Amino acid sequence: MNILTNAQIVTLAANNSFGLIAEGTIVIDDGKIAWVGPAGDLPDAYQVGETIDLKGRLVTPALIDCHSHIVFGGNRAAEFEQRLNGASYEEIAVAGGGIMSTVTATRAASEAALLADALTRVDALIAEGVSLIEIKSGYGLDMDTEIKMLRVARQIGTRRAVKIKTTFLGAHATPTEYKGRPDAYIDEVCIPTLRAAHTLGLVDAVDGFCEGIAFDADQITRVFDVATELGLPVKLHAEQLSNIGGAQLAAKYGALSADHLEYATDADARALADAGTVAVILPGAFYTLREPQAPPIQAFRDHGVQMALATDCNPGSSPLASPLLVMNMACTLFRMTPLEALLGVTAHAAQALGETQSGRIIAGNHADLCVWNAEHPVELAYRIGFNPLHARITQGVL
Ligand code: DI6
Ligand code: FE
């Protein structure tokens, strides 16, 4: 048993407040939170074990990055310059750049090189207190490379003290060899690869890119039907650049999350709320693409949609590996509150991954915690380019 004393605890026990305990104690047993509360209320039974004095520091749940494409080959700095010179993200994609250029680099990279490259970005997340990362495939678009990506993603969890959830994103783009034949790609490559990756035990969830430059709702439906048959939860990149019915489709399938959502409507927000689907807001992509339309945050609030936040770490639309900057951007760009931002990278991010025992400091949850050199949780979203992390506790281990 470990006892954390003299902590200012941000429990996030409920959604309407930080749930602050000014002089709090947390008891950790076997990787789980055994007890949490004001220091004076600590029962005798828990007054055994090693005590760690946090000297009044702030303790929050560990951060969660619930949407990343952190495993990939190469980079897209040249495309960044093209966009600065006026080319749009869609134009570059249609011309065979964009996602396809990363597919070429990822196919060519060895598993060891992909892992080493990804770990540099993973380490940036860990340095800001992340202990759970969702990682998508989708830069392989053939059976071997999709499976290679998922294997690399899982290896990250053995190289670092971080939990990994893998998401199959075969329906990310139509590869060059299937150009003009997206239906054939879905049926001949994407779905058989999903089945094979699932058989290998490499898939925790299934995602798709529902967009004019990617796949339509009918094509995603075929992938989701297989996911459902395999008992896998789904999530969806929806309404990022236009509205083509992705949010409604996600709601229909009871998706864990619908992600991006800049072009979602009020009716979409209602459907997501009814389905219990989390809206994952991705300020990094909005910022990088200089997207003119913000996601309908107020509609999500009005309908009671839970909002998560994530880096979307990828080489094209969001070359970002800082959850703290994501929190700041969500507040400054979208007027989300600092409480919503913190819930977005903790409790609601956990919900977007179907992880019911993470993201809040309550008895029974995993002891994944961050200790910050800060006096109030609003500080976490307030500063830019400043990392106040003092320590990270994962599965009860400092
Ligand atoms: N939306 C995104 O933001 C990423 N994938 C997607 O469907 C970007 C992927 C990329 O540009 O490489
Ligand atoms: Fe994405």
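1. The donor residues of the iron ion (ligand 2) follow the spacing H-x1-H-x167-H-x74-D in sequence. Donors here are N, O and S atoms within 2.8 Å of the metal (3.2 Å for Na, K and Ca); water is not among the atoms, so sites may look incomplete. The pair His-69 and His-237 links distant parts of the chain, 168 residues apart. His-69 sits in the loop between strand E6 (63-65) and helix H1 (77-84), and His-237 in strand E10 (residues 235-238). Helices (H or I, at least four residues) and strands (E, at least two) are DSSP runs, numbered from the N terminus.

2. This is a predicted model: local features need pLDDT of at least 70, side-chain atom pairs count only at pLDDT 80 or more, and totals for chains, interfaces and linings use all residues. Residues are numbered from 1 along each chain as its sequence is written, chains are lettered from A and ligands numbered from 1 in the order in which they are written, and side-chain values use heavy atoms, with hydrogens and water left out.

3. Which atoms hold the iron ion (ligand 2)? They are NE2 of His-67, His-69 and His-237, plus OD of Asp-312, at 2.1 to 2.3 Å. The four donor atoms subtend angles of 81 to 169°, so the arrangement is irregular. Four donors count as tetrahedral if all angles lie between 85 and 135 degrees; four count as square planar and six as octahedral if opposite donors are over 155 degrees apart and all others between 65 and 115; anything else is irregular.

4. Both His-69 and His-237 are buried. Buried means under 20% relative accessible area, exposed over 50%, partly exposed in between (1.4 Å probe, protein chains only).

5. Eight strands make an open sheet with parallel pairing, ordered E6-E7-E8-E9-E10-E11-E12-E13. E6 and strand E13 (307-309) are the edges; each has a single partner strand, so one side of each lacks a neighbour in the sheet. Strands pair if DSSP finds at least two bridges between them. Strand E9 (residues 205-210) is joined to E10 by two bridges. Phe-209 stands opposite His-237 in E10.

6. Ligand 1 is surrounded by 14 residues (a heavy atom within 4 Å). Arg-76, Tyr-89, Tyr-139, Asp-312 and Ser-317 are the closest. A polar side-chain atom of Arg-76 lies 2.7 Å from an oxygen atom of ligand 1. For Asp-312, a side-chain N or O atom is 2.8 Å from an oxygen atom of ligand 1.

Terms used:
Polar contact = N/O pair within 3.5 Å; in protein donor to acceptor, adjacent residues only side chain to side chain.
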